[in-house]
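I opened the notebook to look up a few things in this structure. My notes follow the order in which I looked.

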Amino acid sequence: MKVIGKDIQRVDGHSLVRGKPVFTDDMRLKDVLHVKIMHSPVAHAQILNIDISRAEILDGVVAIFTHKDFKPHYYTTAGQGYPEPSPRDMLILDSTVRYVGDRVAFVAAETLEIAERALELIKVEYKELPCIFDAEKAMTAGFALHPSEGTIGIHDVSRNIAAHLDAELGDVDAALKTSAHVFEGIYSTPFVQMAHIEPHISLTWLDNNNRLVIRTSTQVPHHVRRIVAEVLDIPIARIRVIKPRIGGAFGGKQEILNEEVVSAITLKTGRPARIEYTREEELNAARVRHPELVTFRLGFNEKQLLTAIDMNILENCGAYGPHALTVMSVTSLKALSMYKAPNVRVNGDGVYTNLPIAGAYRGYGAPQACFPLESIMDEAAEKLGVDPIDLRLKNVFQVEDDVPIAKILGEGREGFPMVLYSTEIKTCLDEGRQLSNWDTLRSKHQTGRFRRGIGVAAAVQGSGIPGIDMGAAFIKMNEDASFNLQIGATDLGTGSDTALAQIAAEALNVSVDKIIVYSSDTDITPFDKGAYASSTTYISGTAVKKAAEQCKAMILEQGKKLLQVEEAEIINTDVIASDGQSISYADICMKTFYTDEQMQIMGTGSHVSFDSPPPLNATFAEVEVDTLTGIVRVIKVVSVTDAGQIINPKMAEGQVEGAIPQSLGMALTEFMPFDDQGRMLNLDFNSYHIYTAGDMPKLVVRFVESNEPTGPYGAKAVAEIPINAPAPAITNAVYNAVGVRVRHLPIQPEQVLKELDIE
Amino acid sequence: MTIQFELNGQLVSADTMPGTTLLEYLRSEELYSVKHGCDHGECGACAVLINSKAVNACLILMHTIEGKKIETLESLSNHEHLHPIQETFLRAGAVQCGFCTPGMLLSVEALDREEGEITEESVKDALNGNLCRCTGYVKPVDAALKVLQKNKDEEVQS
Ligand code: FES
Ligand code: FES
């Protein structure tokens with residue numbers, strides 16, 4: 001292959017290193033209105049009265065919206081397939097607020113300062129209601145957080161269960177009864193923030209045809225168009241959504257966060273409008289990862305093979321339920337598609353609390369599966385007296401294995417059968433063992449104040465959502481044999497525009513500089529579900545390949561007609577007939593534009609897959625624990641991934657290098673404490689600490705050779721898989737270093753110290 | 001209030017309201033490489049050079065820059081050529097979403113203008129105020145080390 005597997009420079013790289021105005025906010029709109037949202041100061045209350053009279057008369061205030069201005073229409077902010085599997089439990093503005101940060105009203109004014117002043121002048125009378133801050137108490141609280149008629153799809157309103165799932169294969173109880181060994185443990189992962197550096201930002205205006213243009217920092221332009229149309233009751237045809245360059249998203253922008261708010265302002269006033277979240281709003285009133293409390297019971301036979309996995313999930317959705325069901329189903333599916341067990345069962349509830357809203361975050365439920373599963377596997381290995389790598393090697397799914405639970409656990413509907421055509425997890429574990437120096441480090445006996453340890457964890461993800469995710473592409477040819485590639489796919493900084501250009505270039509036999517990419521504009525590019533579920537390379541990439549192949553077939557056809565031959569083939573960028581005559585791509589296009597056989601050479605492709613081949617990863621972490629303070633320092637992380645054929649090695653490496661510190665953050669530095677009123681305490685980057693350059697351990701990143709027959713040129717996904725395993729690899733390493741088992745993240749030094757039992 | 005200073009090589013005077021930050025001013029002048037990430041001096045997305053030091057523009061009030069020399073990323077390269085730091089970042093794959101990139105590039109440029117040895121530590125120190133959620137800093141640090149060490153070597157030779 002000429003282009004696939006090469007370190008092609010990003011197609012948007014030049015503009016980015018020059019700091020060109022390519023992001024949402026890098027433009028000035030004449031007469032723009034500045035929009036601010038009033039957020040609830042209390043965690044649960046009914047709004048008895050909102051008095052906007054003083055705000056309204058403030059000079060420069062142009063519009064104020066409260067719940068009285070909207071007919072109740074329930075929707076979900078989750079940007080996912082339609083009909084959405086998430087409950088429709090949210091109104092654009094509601095007369096009840098359900099967490100500190102919930103929307104109360106919004107204001108549009110001539111300047112930001114005036115909008116902020118106006119918020120201060122709005123007087124709200126709240127009747128405070130009892131709160132739920134503890135997910136374990138949600139089901140038995142005795143009152144409902146979403147009692148209103150009109151919501152759709154809440155699993156059990158009175159018990160505050162947003163979503164529920166259960167599934168069983170085989171007979172887990174019977175298997176556990178007869179297993180030689182049974183291990184049980186309870187584990188939890190916390191709320192964490194996506195913390196993209198560009199905040200949520202949306203601009204809206206009416207174009208010359210009175211259509212609404214939404215320029216927004218989103219992962220899901222087509223879902224934005226559909227949901228805004230629905231919520232504001234205007235035709236889809238009247239909306240154009242444009243996604244420019246995006247300053248990171250990680251799931252946080254798989255959400256209709258404020259687009260409907262600015263759209264409402266523009267529709268009402270006819271003026272452009274702009275809303276940008278402050279960092280404080282980002283941390284408090286955007287979306288976070290669902291905390292999950294997971295109980296595992298594993299049964300093993302005498303040969304150390306799994307007989308049964310029993311899994312129980314309690315998911316904390318926060319105040320509303322976007323992604324409630326699907327995050328939990330990913331947790332269960334990823335936990336149950338790593339290791340083979342003849343009997344498996346899962347039971348999960350996603351519950352409402354009066355805390356910030358959880359949503360989609362890179363990994364989407366898989367990190368919540370990986371931490372407990374890889375912890376209990378480590379505990380099991382110790383008790384069984386085997387090396388943790390060997391226990392994993394014995395039990396992992398292998399090529400041609402069927403993963404039967406996948407058929408039951410779909411995205412809110414029934415799933416599809418899953419057979420593995422490629423899995424190199426064994427190679428990942430073996431290579432990582434070498435690269436991390438496992439055998440030497442593992443056996444070292446530690447003494448003294450600073451003690452080192454090494455731990456391992458394995459992980460699995462998917463490539464798109466089978467049977468649901470669809471992506472499409474157009475390609476048209478130009479007379480210098482360049483091609484315009486138009487894709488609905490959404491590059492968030494991941495480099496997907498570049499990877500998709502590589503796929504098109506490979507299929508068309510041209511270099512990447514001949515591919516002009518334009519993406520994510522609902523007026524111009526075809527539909528794509530958006531950038532989530534690790535789907536872009538695999539799903540949209542296959543759509544691009546199909547479009548390019550169709551375009552290439554048309555080039556050949558036109559070439560044959562122009563040469564007046566029956567038989568010909570394409571070699572490089574020429575059509576060559578069996579008699580030796582030839583015509584170049586450029587000549588073919590020039591002629592078909594202007595003189596002979598006139599037409600536009602082009603191709604289209606759409607793709608939906610019923611497979612979702614799992615990328616796999618083994619991560620090894622070396623840590624040092626200070627036995628005086630309990631502080632854990634990560635020294636080195638080795639991450640070995642099977643993502644199928646790698647399209648662009650440097651960009652793929654970048655995905656892994658960026659994912660690891662997000663997981664290290666969840667394990668060590670990022671957490672969200674609340675006071676007893678449900679107010680989040682760390683509302684800035686000083687106290688919500690994400691990894692900095694100086695915090696970084698040494699990273700060793702590798703990909704193993706692999707080829708996925710259902711993927712474009714053998715590719716699987718790479719964006720999410722590397723975020724899963726670092727956290728459990730670290731806690732397993734801590735155990736190896738000092739014998740302290742951390743079952744609840746983040747690792748807290750006090751906790752480590754308390755459990756440290758050393759002389 | 002009118003203040004005078006040098007902006008990207010030009011002497012300018014600006015009428016500003018008290019309390020206006022340099023970040024607000026620069027973006028209002030359509031110098032959009034200066035990004036807005038937090039407004040509290042915590043992310044480094046708004047970094048600019050003031051008298052050759054990397055500083056977060058969101059923390060700087062306009063009246064304090066009287067007579068100073070301000071540079072934004074726009075001044076680092078011209079229409080034809082990238083600055084070597086930009087070129088190296090691009091080639092190294094050190095740019096993902098690119099939102100932190102202007103700030104990072106200027107932090108690296110500021111380090112280049114300082115005396116002193118270039119080590120992994122000094123580079124990490126220089127980049128420590130630039131939060132990046134995409135790259136894990138691996139490629140940015142490598143790129144910076146590579147280009148700065150090359151620059152220092154050339155200085156030594158010349
Ligand atoms: S915007 Fe200035 S440091 Fe973040
Ligand atoms: S490249 Fe996205 S924040 Fe640094």
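**Between the chains**

I note before anything else that this is a predicted model. I began with salt bridges across the interface of chain A and chain B, and the rule finds seven. I wrote one of them down: B:Arg27 and A:Asp26 meet through their side chains, at 2.9 Å from N to O.

Next I looked up polar contacts. Across this interface, 29 residue pairs make one, with both residues at pLDDT 80 or more. I then asked which elements of chain A give two or more residues to the side that touches chain B. They are helix H1 (13–17) and helix H17 (649–669). H17(A) gives the largest share of that side, with eight residues. By class, I have 20 nonpolar, 16 polar and 13 charged residues on the side of chain A that touches chain B.

I turned to extent. The contact involves 49 residues of chain A and 47 residues of chain B. The buried area between the two chains comes to about 3900 Å². Carbon and sulfur atoms give 55% of that area. Which residues of chain A lose the most area to chain B? I found A:Val17, A:Arg18 and A:Ile197, which together make up 19% of what that side buries.

**Strand E2 of chain A**

I moved on to strand pairing within chain A. Strand E2 (residues 45–51) runs antiparallel to strand E4 (residues 96–97), and two bridges join them. For A:Ala45, I read the bridge partner in E4(A) as A:Val97.

E2(A) also pairs with strand E6 (residues 123–128), again in the antiparallel sense, over six bridges. Here I picked A:Ile47, whose bridge partner in E6(A) is A:Tyr126.

**A:Asp134**

My last entry is on a single residue. Where does A:Asp134 sit? I place A:Asp134 in the loop between E6 and strand E7 (161–169) of chain A.

I then checked what the side chain of A:Asp134 reaches. It comes to 3.0 Å from the backbone nitrogen of A:Glu136. I also looked along the sequence: A:Asp134 and A:Thr353 are 219 residues apart there. In space, C-alpha to C-alpha, A:Asp134 and A:Thr353 are 6.9 Å apart.

Methods
Residues numbered from 1 in each chain as written. Chains lettered and ligands numbered in written order. Predicted model: local features only at pLDDT ≥ 70, side-chain atom pairs only at ≥ 80, totals over all residues. Heavy atoms only, no water. Contact = heavy atoms within 4.5 Å. Buried area = accessible area lost by both parts, 1.4 Å probe. Salt bridge = Lys/Arg side-chain N within 4 Å of Asp/Glu carboxyl O. Polar contact = N/O pair within 3.5 Å; in protein donor to acceptor, adjacent residues only side chain to side chain. Helix = DSSP H or I, 4+ residues; strand = E, 2+ residues; numbered from the N terminus. Nonpolar A, V, L, I, M, F, W, Y, C, P; charged D, E, K, R; others polar. Pairing = 2+ DSSP bridges.
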